[in-house]
Each structure stands twice: as structure tokens, then as C-alpha cells.
Amino acid sequence: MRYSILLFCTLAFFTSHAQSEPEKEVRAAIEHFFEGFHQRDTAKMRKVLHQDIHMQRIGKNQESSPALVNESIEDFLSSLANLPDTLQIEERLLAYHIQTDGDMAHAWTPYEFYLQGEFHHCGVNSFQLFRDPEGWKIIYLVDTRRVKDCTPAE
């Protein structure tokens, strides 16, 4: 009897921590986005971006007050594609917190950003995704950016 309880508790623990298939697919879409980002391959990135994506950034304005900045996907992709090949960029995702409900998903990904191999800033990405017949597409991306207090937010 003791062993069956132990086995049940062990299975329950691992089952509750295992990712569902939709969560794995959402993570794969985000990883695909960042593979394209690091390779500066905007065509690759577009495969997981919905045509009507909205992008925003939360930061501070000149008066150090919170500011919400809108960014067009075309400007973002163009600026990425036009970076010099000698400029090394890397965004390291520290964790994935994914929730799904049918054809909608949310992913919270704390990150650190490195420029030329040196720490530049940190923050959190918040992705909203929609599953269309082709797979998961990013429909909304907002991030925070800061240079201190970089303990990952859960």
C-alpha cells in the first residue's frame, strides 16, 4: 500500500509538471522567432508572426516615468535586418511560463539581452499567440527593459 501511494504521488508530480502538446508547440513557435532573431532572418521570423501583430515596449521616458511605446513590426524587422553583421546580439530566455486555452496562448519569458557578448539589459517578454490552421502565430508582443534589478520576475 505504501509503495502504491508513493508511486501515485510521484506520477502526479511529474504529470503536473509535464508540458502539454499545445504548450510545447507555443514554446517551439517562440524558439523559432528567436532563432530567426539571432540569425537576423526576418523571413524565418515572419513564419510565426501574425500579419496583424501588435508590438509594444514598457520603459521609462526622459522624466523617468513609466512609458508605453508602440513599435511597428515592419520597423522592428527592418532595423534588425539592417544591423551590421559585426554586431553580435543575443537574447537569453531564462524561463517559459505558458498558459493555453484552445486556440489562444500566453507566454511569459524573463530574459537577459547581450550586445557583443556583454550584458546590456534585462526584462520580460509577454507573448500572446493565436493558433490558426498553419500553427501558432504571435499576435501581440510587449516587453520590459531595464539595466538594473535584473532578478528574473516570475
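**Close-up views of a predicted model**

**View 1. Gln-56 and the residues around it.** Leaving aside neighbours within four places in sequence, Gln-56 is in contact (heavy atoms within 4.5 Å) with Leu-68, Val-69, Asn-70, Tyr-140, Leu-141, Val-142 and Asp-143. This is a predicted model, in which local features need pLDDT of at least 70 and side-chain atom pairs count only at pLDDT 80 or more, while totals for chains, interfaces and linings use all residues. Residues are numbered from 1 along each chain as its sequence is written, and side-chain values use heavy atoms, with hydrogens and water left out. Gln-56 has its place in strand β1, strands being DSSP runs of E with at least two residues and helices runs of H or I with at least four, numbered from the N terminus. With a relative accessible area of 19%, Gln-56 is buried, a word that stands for under 20% relative accessible area, whereas exposed stands for over 50% and partly exposed for what lies in between (1.4 Å probe, protein chains only). The side chain of Gln-56 also makes a polar contact with the side chain of Asn-70, at 2.6 Å; such a contact is a pair of N or O atoms within 3.5 Å, where, within protein, one must be able to donate a hydrogen and the other to accept it, and residues adjacent in sequence count only if both atoms are side-chain atoms.

**View 2. The buried side of helix α4.** In helix α4, which spans residues 73-81, Ile-73, Phe-76, Leu-77 and Leu-80 are buried. These residues lie on the same side of α4 because they cover an arc of only 90 degrees around the axis, the arc being that of the directions from the helix axis to the C-beta atoms. The buried residues of α4 pack against α2 (21-39), α3 (42-46), β1 (49-60), β2 (66-71) and β3 (89-93).

**View 3. Arg-146 in the segment after β7.** Arg-146 is found in the segment that follows β7 (135-144), and at 27% relative accessibility it counts as partly exposed. Not counting residues up to four places away in sequence, Arg-146 touches His-121, Cys-122, Gly-123 and Thr-151. A polar atom of the Arg-146 side chain lies 2.9 Å from the backbone oxygen of Asp-149. Although Arg-146 and Gly-59 are 87 residues apart along the chain, their C-alpha atoms are separated by 7.3 Å.

**View 4. The setting of these close-ups.** The protein has 4 helices and 7 strands, which run from the N terminus in the order α-α-α-β-β-α-β-β-β-β-β. Of its 154 residues, 32% are buried.
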